Every structure is written in C-alpha cells, then in structure tokens.
Amino acid sequence: MTKGQSIDDVQRMLGEQGYVCGRALATVVFLSLRLGRPLFLEGEAGVGKTEIAKAIAAALGRRLIRLQCYEGLDAASAVYDWNFPAQMVAIRTAEAAGGADRTALQTELFSDEFLIERPLLQAMRPDPAGAPVLLIDELDRTDEPFEAFLLEALSDFQVTIPELGTVKAPEPPIVILTSNRTREVHDALKRRCLYHWVDYPDFDREVEILHARAPEAAETLSRQVVAFVQTLRTEDLFKKPGVAETIDWAKCLLALDVIDLSPEVIADTLGAILKYQDDIQKLQGSEAKRILDQAKASLEPA
C-alpha cells in the first residue's frame, strides 16, 4: 500500500476522489487496508457504500472488480463459466478434421482458452498494478448458501475450478462488501470482516459532499437543497432520499438554471429525489411548500 499510511492520509486521499467521509469511516478503511481484512458496510441505499469502493480503487490506482449480487446468485456464476459456443465450434472442427484424440480434446476444451472468468476468479488473478479492489455489492440480495461459499472463499482467498484445480490469490484483494440490510447477513461472515454502519451525513458534511460532487452549484442553492432533503428524511416516506439523490437533484436544478428553490420547482423535479409514486403523492399541494419553509427556516441564523 503506497497510500493511506495514516487515518488522515486515508481521509485526504478519498477526498481527492470526491468522496467526503468522517473520521470513523476513514479509520475503518485504514484498518481494512493495513490489516488486509474485508470491509463490511451496511446502511440505507444511496449513502455512499458503493462509491467508497470506487474511490479506494481510484486513489490506489487499482482495478475495481464488481460482483453485483442478486437473488439466485450461485458460486459458479460468481467464479467462472465455460464458453460453450466456442467449445462446440472446437468439437465440430475436431470432428471434421477426423482422428481427434478424445483425451487431448477434452483437455483443450477445459483450458484457460475457453474459460470465462467471473468477478471472484478475476480478483484472485495477479495484477501488475497490485491487488484489485473487489466490491461485493448488495450481499443481502443473495441467500445463505452463497454466504457460506463466500465465507470460505474470503477466508483462504482461493477458489476451486473442478476441471483446472485451485486458484489462490498471490496477494489478497481489497474486499468491500455492502448491504442495504433488506435482511440480516449471517454473523459468521460479519465476524470475518471489519464492520461499519454508513449513516446519512449531518448537514455540514452533506453540503461538503455536494460541493465536491457538484462544485458548480452556488452556496445558497446547495444549502437549500441539503436542508430540504434532510427535512424530507424526517417525513414518513417509503424510501427516504439518499446522498446520491441529493447530488442528482442538485445537478437537475443546475441544468434548469435554478438559483433558488420554490414549491413549483420542487414539484417539477420530485422524480430526482423520490422514486415511489406514493411518496411523490404525499408532497403534492401544500406539503412541498411546508417542508421548504421548514428547511429555509433551519438555515436562518439563530
């Protein structure tokens, strides 16, 4: 590790990539890098769990390998597959040539030439730039059998391909797992990792994040946007807007040349911050004005 020699260094290098984080998160990232331990991040969607893996990869100059989890994901799909169309072409070619050695053909068919590497196998391969960053995103979407497999793979940093044998990482990848906590992940996997709950940022930090990700936004508009979103999070919504929505909304407002929030502008751009019709419906009429007035009042000097 050529960067991240201290907690302050980690905080600074992430900030250079536009990722603003507090000392607690910078500390657990530092420890993960220093100790070679996987980092498990839980929190609501849109609070920056995925982005931190991108920032670490960019800051360290490492390759980012992402395994996007989904219901039904199994070990084979996460590790490798065989290029069946290419194998069939090779079989037909051998048959047409005649006199093919079946043993030699089988060896050829199940060789690296026909191997399709999925994220976990890719992460075990050597890389001139150094061990890659392996992002296992939204682990809570998978099931317990996959968790059990993952626990074994991350314990030894190796995977087995029956036709080729065991592939062991020459240098363990930097592993970051994320969960939106739609279900509880098994304790055994969590114990293998360093854990951190990524919460919504406070007002000042979210303004700082917005400055980093949408620097063209004026100070007044940035503060109004953050105040409105933070007030909105106190409402009874099906899905509260995350930091990602704050940034998206600010960029939408900039594209519309908005310099001051109004109920009319909010009504026209709600789709940037709320993703469910029931939530949008709640802000119709005078509700948007009420929340905006509350947000602007919070910005006035005491």
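This is a predicted model: local features need pLDDT of at least 70, side-chain atom pairs count only at pLDDT 80 or more; totals for chains, interfaces and linings use all residues.

Colleague: What does the chain come to in secondary structure, and how far does the C-alpha trace span?

Modeller: The chain has 15 helices and nine strands. Its C-alpha trace spans about 85 × 45 × 35 Å along the principal axes. Of the 302 residues, 47% are buried.

Colleague: Let's take one residue, then. Why is Val28 called buried?

Modeller: Val28 sits in helix α2, residues 23-35. Its relative accessible area is 9%, and buried means under 20%, so Val28 counts as buried.

Colleague: On to charges. What makes Glu51 and Lys54 a salt bridge?

Modeller: Their closest N and O atoms are 3.4 Å apart. The cut-off is 4 Å between a side-chain nitrogen of Lys or Arg and a carboxyl oxygen of Asp or Glu, so the pair qualifies. Both residues belong to helix α3, and because they are three residues apart there, about one helical turn separates them.

Colleague: How many salt bridges does the structure hold?

Modeller: There are 17. One of them joins the side chains of Arg290 and Glu235, at 2.9 Å from N to O. That pair links distant parts of the chain, 55 residues apart: Arg290 is in helix α15 (residues 287-299), while Glu235 is in the loop between α11 (219-232) and α12 (243-255). Arg290 is partly exposed, at 34%.

Colleague: And how do you know that Lys190 and Glu184 are paired?

Modeller: The N to O distance is 3.5 Å, and the limit is 4 Å, so this is a salt bridge too. Lys190 is buried at 17%, whereas Glu184 is partly exposed at 45%. Both also take part in a network of salt bridges, together with Glu42 and Arg181.

Colleague: What makes the phi of Arg181 worth a remark?

Modeller: Phi of Arg181 is near 60°, a positive value in a residue other than glycine. Most residues other than glycine have a negative phi. Arg181 is in the loop between β8 (174-179) and α9 (187-191), and at 41% it is partly exposed. Asp257 also has a phi near 60°; its place is the loop between α12 and α13 (263-269).

Colleague: Why is Asp257 called exposed?

Modeller: Its relative accessibility is 65%. Exposed starts over 50%, so Asp257 passes.

Colleague: Now, why does Arg62 not count as having a salt bridge?

Modeller: The nearest side chain of opposite charge, Glu171, is 4.7 Å away. A salt bridge has to be within 4 Å, so Arg62 has none, although it is buried. Arg62 lies in the loop between α3 (49-60) and β2.

Colleague: Which backbone oxygens does the side chain of Arg62 reach?

Modeller: One is the backbone oxygen of Ala129, at 3.4 Å. Another belongs to Ala131, and it lies 2.8 Å from a polar atom of the Arg62 side chain. The limit for a polar contact is 3.5 Å, so both distances fall within it.

Colleague: What about Arg233: where is it, and what does its side chain reach?

Modeller: Arg233 is in the loop between α11 and α12. Its side chain reaches the backbone oxygen of Pro241 at 2.7 Å. With 9% relative accessibility, Arg233 counts as buried.

Colleague: Last one. What makes the patch with Asp74 a negative one?

Modeller: The surface patch is formed by Glu71, Asp74, Asp143 and Glu144. Asp and Glu count as negative, so the patch is called negative. Patch members need over 30% relative accessible area, and Asp74 has 38%, so that value clears the cut-off. Asp74 is in the loop between β2 (64-68) and α4 (75-79).

Notes: Residues are numbered from 1 along each chain as its sequence is written. Side-chain values use heavy atoms; hydrogens and water are left out. Patches are made of residues with over 30% relative accessible area and no salt bridge: like charges are joined within 9 Å, nonpolar side chains (Val, Leu, Ile, Met, Phe, Trp, Tyr) within 5 Å. Accessible areas come from the Shrake-Rupley method with a 1.4 Å probe; for residues, only the protein chains shown count as cover. The place of a charge is taken as NZ of Lys, CZ of Arg, CG of Asp or CD of Glu. Helices (H or I, at least four residues) and strands (E, at least two) are DSSP runs, numbered from the N terminus. Buried means under 20% relative accessible area, exposed over 50%, partly exposed in between (1.4 Å probe, protein chains only). A polar contact is a pair of N or O atoms within 3.5 Å; within protein, one must be able to donate a hydrogen and the other to accept it, and residues adjacent in sequence count only if both atoms are side-chain atoms.
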